[in-house]
Structure formats: structure tokens, C-alpha cells
Amino acid sequence: MAYVDRPGDMNDSKALEIKTKSIEQTLVPLVTQITTLVNHKEKQRVSEKTCQAIERVGQAVRLAVSKFVSVGEALGKENLDIQDELHEACSEAQVAGKLRINYYMKRYLS
């Protein structure tokens, strides 16, 4: 399992303390994009521009999760002693990313 310390506000991507630089470089954009989705204000009506922005953020989250999984799998192949933990972290990231994207797509674009 991957370990991340959260010394500050959990919604503040800058407050994350991640132990490995390459994983940090992959996670920070993902956290920022998910935070953007979570903090997006709910409206009765959503403009076309907002719909397009939400779709772009969803695509960016998919790409970030994909990159995270690629890096995690590569690290797992190089470091057999942590391969199981990295595989689990990658699987969790994929599930969480899909759930979050589906939630916001249904909430705002349906």
C-alpha cells in the first residue's frame, strides 16, 4: 500500500507530503483535477461551456490515472519487494478515478 502523509488540509494538493518524487509528480495533477471536480459548485442549469470544461477535466483525470498506473506498474517490475503494494495502489486509483468521473458526468451532464 502506498503511504502519503497529509499534514495540512486534505483538500489542499500542495499540503500533500508524498515520499517518492516520481509518484508525487504523477499524483499532484491528479489530486488537483479531482479537487477541482469536487469543489465545482452545483447549479440547477449547466451551460454548454461548463459541460465542455467538465468533460475536459474528466479526460484529464483519466489520463492522469492512466499515467499513474503506468508508472506504478513500471516501478513494480523494477522493485519486486513492493510490487504487490504498487499493484494494489494502481488498482485502487483506477477504481477511484472511474467512480469519481462517472459520478460527476452523471451529476452534471445527464
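Helix H3, with 27 residues, reaches 38 Å from its first C-alpha to its last, close to the 39 Å expected at 1.5 Å a residue; the expected span is 1.5 Å times one less than the number of residues. Helices here are DSSP runs (H or I, at least four residues), numbered from the N terminus.

This is a predicted model, in which local features need pLDDT of at least 70, side-chain atom pairs count only at pLDDT 80 or more, and totals for chains, interfaces and linings use all residues. Residues are numbered from 1 along each chain as its sequence is written, and side-chain values use heavy atoms, with hydrogens and water left out.

How do H2 and H3 cross? The axes of H2 (residues 48–78) and H3 (residues 83–109), lines fitted to C-alpha atoms over the stretch in contact, come within 9 Å and cross at roughly 175 degrees. H2 is therefore roughly antiparallel to H3, a term for angles over 145 degrees on a scale from 0 to 180 between N-to-C directions.

I turn now to Phe68. Phe68 lies in helix H2 and counts as buried because its relative accessibility is 11%, buried meaning under 20% relative accessible area with a 1.4 Å probe, protein chains only. Leaving aside neighbours within four places in sequence, Phe68 is in contact (heavy atoms within 4.5 Å) with Ile23, Thr26, Leu27, Ala89, Cys90 and Ala93. With the same exclusion, Val65 is in contact with Leu30, Ala93, Gln94 and Gly97.

Definitions and conventions:
Helices (H or I, at least four residues) and strands (E, at least two) are DSSP runs, numbered from the N terminus. Angles under 35 degrees count as roughly parallel, over 145 as roughly antiparallel, 65 to 115 as roughly perpendicular and the rest as oblique. Buried means under 20% relative accessible area, exposed over 50%, partly exposed in between (1.4 Å probe, protein chains only).
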